[in-house]
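Thank you for making the time this morning.

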Amino acid sequence: MIIKIRPLLISAMKIFDSRKTEYKSVVSAIATNEKVKFRIAVPRAMGCTGASLAVFKDGEDTVYYGMFWAGMCGEDYEYWELHFSATTSGLYFYHFELDTPWGKSFIKNVGSGCGDLTANGGEFQQTVYDGGFTTPDFLKGGIIYQIFPDRFYNSGVKKKNVPNTRVMREWGEEPYWNESQMNGLWNNDYFGGDLKGIEEKLDYIKELGISCIYLNPIFEANSNHRYDTADYKKIDSLLGTESDLKSLCKKAENMGIGIILDGVFSHTGCDSKYFNMYSKYDSIGAYNSKESPYYEWYKFVDYPTEYHSWWGIKLLPEIIEENESYREFICGKNGVLRKWLRCGISGWRLDVADELPDIFLDDLRKSVKAENENAVIIGEVWEDATNKFAYGVRRRYLLGEQLDSVMNYPFADAVLNFVRFGGADGFFNSVMNVVENYPPCVLNVLMNHIGTHDTERAITRLAGENPEGYSRQWQHEHNELSKEDYFKGVSMMKMASLIQYTLPGVPSLYYGDEAGMEGMKDPFNRACFPWDNINEDLLKWYKRLGEIRNGCTAFKEGTFEPVYSSYSTIAYKRVSADNQVLVAVNNSAETVDVPVGTEWDNSYNLFAAVSKDGYIRLSPYEYTLLTK
């Protein structure tokens, strides 16, 4: 059976659609003093005698701007228009109000960017960012590769000064996951991956088309994940030395690859030189004495045993980031940020960025950009970062004075949910929420992952069982997919990664996903890279995606435009000045003819399906990419 999809005829005009340029000239955030043209199509039968744009900046009073009559649209609708701009950055909300013989009427947000005549709808959002805001060029159009350092590759170089309490494991064994294995020390099993190992594998990484490597924490810590920092100014001895990092950065730079480090600045480990609960370090920690130079960094409730900790985990005492001494230590001229930038890194990923106060993020950006204007700052924010409300305030991450980018969880959910469950409209709504709200310079450097160290492996999420609410014992028992599910998962990974690599932003590949690694949540998603058991079919696919992405300029700064959505079929295009790319995906069991327009009939196809007479015929679960 072949489903012939024909363009839908619109029986009635939309009154307003914030995602269509015929209603809003700029479908994104705007810079300060940048004009955006608003247009509404009002039914002639309403007898409208006046229209206004009602706008309020977050936390301020509403301001009304009169709109002018701009002519008829057919016989039944009339246009009202105006140009709007803002002189200050911030989050603005708006709706429209009409004067009619029957009183005031309101055009409000009823979802998916659409405005309708209702008094009960929501407000539309317009983000306004600082006109001088720019983001680093080196990430644009590139690909990020995320590495959990202990589990990527062991160079075999003998390590020095490694604590004898660490449990060293054989490469490829399953990470310890239950208390009996831990012997009272959680996350204390190590496999010996190191910085020299990463350097040895740079050729492999480059073959994937990678332009940036993001490393999970590498500073001295007393766990294998190293999110419990013990010394911000020292590389963990099992990973190597400061010289090893400099060597890695230099060789990577010569190959066109930047290195980003993970900055964990909201908390430290209790077993650190700053807190020093176990008196392991020579320093006088905050736990040891109120006279400690670090005492004011922490918030004690009942000294020394009761203190604020990250999510109530006593092993992770929280930092008071507003503290001037701490901010100087991290952000000062000779602070942590600039020390490692001078070693050759290309930027920072900030752990739990939404738990870092504005004053700290402001100082952080000034410090990083003073040292290297082209260094990138990526924050871990799981929601829409433009309207995030945290700790009693609206956050201003992406207005130009704090972050360059965020980890794009909304895109990850959109891609994975579409591939697993279908739902074309839901996919486009999630993507367009980000496209509409984020500054274009941020959109081009968003970290677009589909799996990280904090989530189950992408292939498991696509083809496996949902681990939510289940114990580690259950996850251990369901960690490996059946042969049938794994085969299906590989096909789903290809579809998901094609979408991931062609959306606005920068795709981020979690180490081993390209090799077919599977796994439930922590610690199962942090297994050793299977160098002797790589899924060659999937690896070949990811190399091809890297070549495609690096060969199309539209992926660098091209606009994103939905072309078609219906049930489980999507088509969209990326458009730049000298290159256009069209992606069409049929995630259904039926053959579908997708309407894309005759302008794509003579385009170059990178997969089998082509456009003929304005349609692309896609077999079940087939996809294609056209370029011109």
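Before we start, a residue is called buried here when its relative accessible area is under 20%, and please keep in mind that this is a predicted model. By that cut-off Phe329, with a relative accessible area of 17%, is buried, and Tyr232, at 0%, is buried as well.

These two residues form an aromatic pair with an edge-to-face arrangement, the centres being 6.2 Å apart and the planes at 65° to each other. Tyr232 belongs to strand 17 (residues 229-235) and Phe329 to helix 5 (residues 324-331), so their pairing ties together parts that are 97 residues apart in sequence. Both are members of one aromatic cluster, which also includes Trp297, Trp340 and Phe360, and the structure has 58 aromatic pairs by the rule applied here.

Turning to charges, the search of the whole structure gives 49 salt bridges. In one of them Lys196 meets Asp244, with the closest N and O atoms 4.0 Å apart; because Lys196 lies in helix 2 (residues 195-200) and Asp244 in helix 4 (residues 242-254), this pair ties together parts that are 48 residues apart in sequence. Lys196 is partly exposed at 25% relative accessibility, whereas Asp244, at 15%, counts as buried.

Finally, the charged end of Lys201 sits over the ring of Tyr153, at 4.6 Å from its centre.

Key: Residues numbered from 1 in each chain as written. Predicted model: local features only at pLDDT ≥ 70, side-chain atom pairs only at ≥ 80, totals over all residues. Heavy atoms only, no water. Phe/Tyr/Trp six-rings, centres within 6.5 Å; stacked < 30°, edge-to-face > 60°. Helix = DSSP H or I, 4+ residues; strand = E, 2+ residues; numbered from the N terminus. Buried < 20%, exposed > 50% of the residue type's maximum accessible area, 1.4 Å probe, protein only. Lys NZ or Arg CZ within 6 Å of the ring centre and 35° of its normal. Salt bridge = Lys/Arg side-chain N within 4 Å of Asp/Glu carboxyl O.
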